[in-house]
Amino acid sequence: MTKPFIIQERDVEAVRLPGDGAFWLLEDSERTNGLFGANRLLLQAGADGTRPHHHTLSTEFFYILDGTMEFLVDGQRHRVDKGGLVVVPPNVVHAFGASADGPAEFFAVLTPGIVRFEYFRQLGRIARGEAGWDSMDDLHDTYDVHFDGEPDWR
């Protein structure tokens with residue numbers, strides 16, 4: 001049974017990204033018994049959030065807190081402004097990044113959740129040049145993140 005909980009921003013782990021971007025790791029599905037995982041992401045203007053990928057188990061929700069995001073969803077490109085919601089069911093290929101217009105910030109939820117924070121930490125290492133993309137090769141099944149297509153999706 002999931003018990004109520006509150007997370008304060010001051011207690012949240014921040015994974016730094018280049019150009020003052022960051023992941024804030026809010027909930028890794030442990031306190032929700034796998035119900036969901038949640039994080040917040042700030043990307044600088046034109047920065048990619050991820051390459052095209054899909055999840056076999058989870059639906060992913062993105063709520064745009066500020067700025068404009070660019071999404072690739074099932075082969076279609078979309079611009080989504082502040083206040084917009086994007087819902088990506090399992091097995092749908094998607095990618096996202098901030099528009100060139102300025103920084104963008106969003107809140108993301110994956111449900112059901114799996115313990116995935118180490119994946120986001122590794123993405124931070126890759127973005128900062130501390131690791132290469134090949135470091136993800138053995139992690140796809142563990143984190144239910146399966147890359148599809150070319151990294152340069154825009």
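**Entry 1: overall layout**

I counted 2 helices and 11 strands in the protein; helices (H or I, at least four residues) and strands (E, at least two) are DSSP runs, numbered from the N terminus. This is a predicted model, in which local features need pLDDT of at least 70 and side-chain atom pairs count only at pLDDT 80 or more, while totals for chains, interfaces and linings use all residues. Residues are numbered from 1 along each chain as its sequence is written, and side-chain values use heavy atoms, with hydrogens and water left out.

Along the sequence I read the pattern β-β-β-β-β-β-β-β-β-β-α-α-β. The radius of gyration is 15 Å, close to the 15 Å that the globule rule gives for 154 residues, so the protein is as compact as a globular protein of that length. That radius is taken over C-alpha atoms, and the rule is 2.2 Å times the number of residues to the power 0.38. I noted a box of roughly 40 × 30 × 30 Å for the C-alpha atoms, taken along the principal axes.

I then looked up burial: 47% of the 154 residues count as buried (under 20% relative accessible area, with exposed over 50% and partly exposed in between; 1.4 Å probe, protein chains only).

I traced an open sheet of 5 strands in the order 7-6-9-4-11, with antiparallel pairing. Two strands pair if DSSP finds at least two bridges between them. Strand 7 (76–81) and strand 11 (146–147) are at the edges with a single partner strand each, so one side of each has no neighbour in the sheet.

Strand 6 (residues 68–73) is joined to strand 7 by 6 bridges, and I found Thr-68 with Asp-81 as its bridge partner in strand 7.

Next I checked strand 4, where 6 of 7 residues are buried. Strand 4 pairs with strand 9 (residues 94–98) over 3 antiparallel bridges, and Asp-48 is opposite Gly-97 there. With strand 11, strand 4 has 2 antiparallel bridges; here His-54 is opposite His-146.

**Entry 2: cores**

Which residues touch the most other members of the largest nonpolar core? I listed Phe-23, Phe-62, Met-69, Phe-71 and Phe-106, out of 28 residues in that core. Such a core is a set of buried Ala, Val, Leu, Ile, Met, Phe, Trp, Tyr and Cys residues joined through side-chain atoms within 4.5 Å. Helix 1 (residues 117–127) gives the most to this core, with 5 residues. Apart from this core I found another, of 7 residues, including Val-12, Leu-26, Ala-38 and Val-109.

Beyond its neighbours within four places in sequence, Met-69 is in contact (heavy atoms within 4.5 Å) with residues including Leu-43, Ile-64, Val-80, Phe-96 and Phe-106.

**Entry 3: the helices**

In helix 1, I found Phe-117, Tyr-119, Phe-120, Gln-122, Leu-123, Gly-124 and Ile-126 buried. The buried residues of helix 1 pack against strand 1 (13–17), strand 2 (21–27), strand 3 (37–43), strand 4 (48–54), helix 2 and strand 11. Gly-129 follows helix 1 and has a positive phi, near 80°.

Helix 2 (residues 140–143) contains His-140. I found the side chain of His-140 reaching the backbone oxygen of Met-136 at 3.4 Å. Leaving aside neighbours within four places in sequence, His-140 is in contact with Val-145, His-146 and Phe-147.

Key: Polar contact = N/O pair within 3.5 Å; in protein donor to acceptor, adjacent residues only side chain to side chain.
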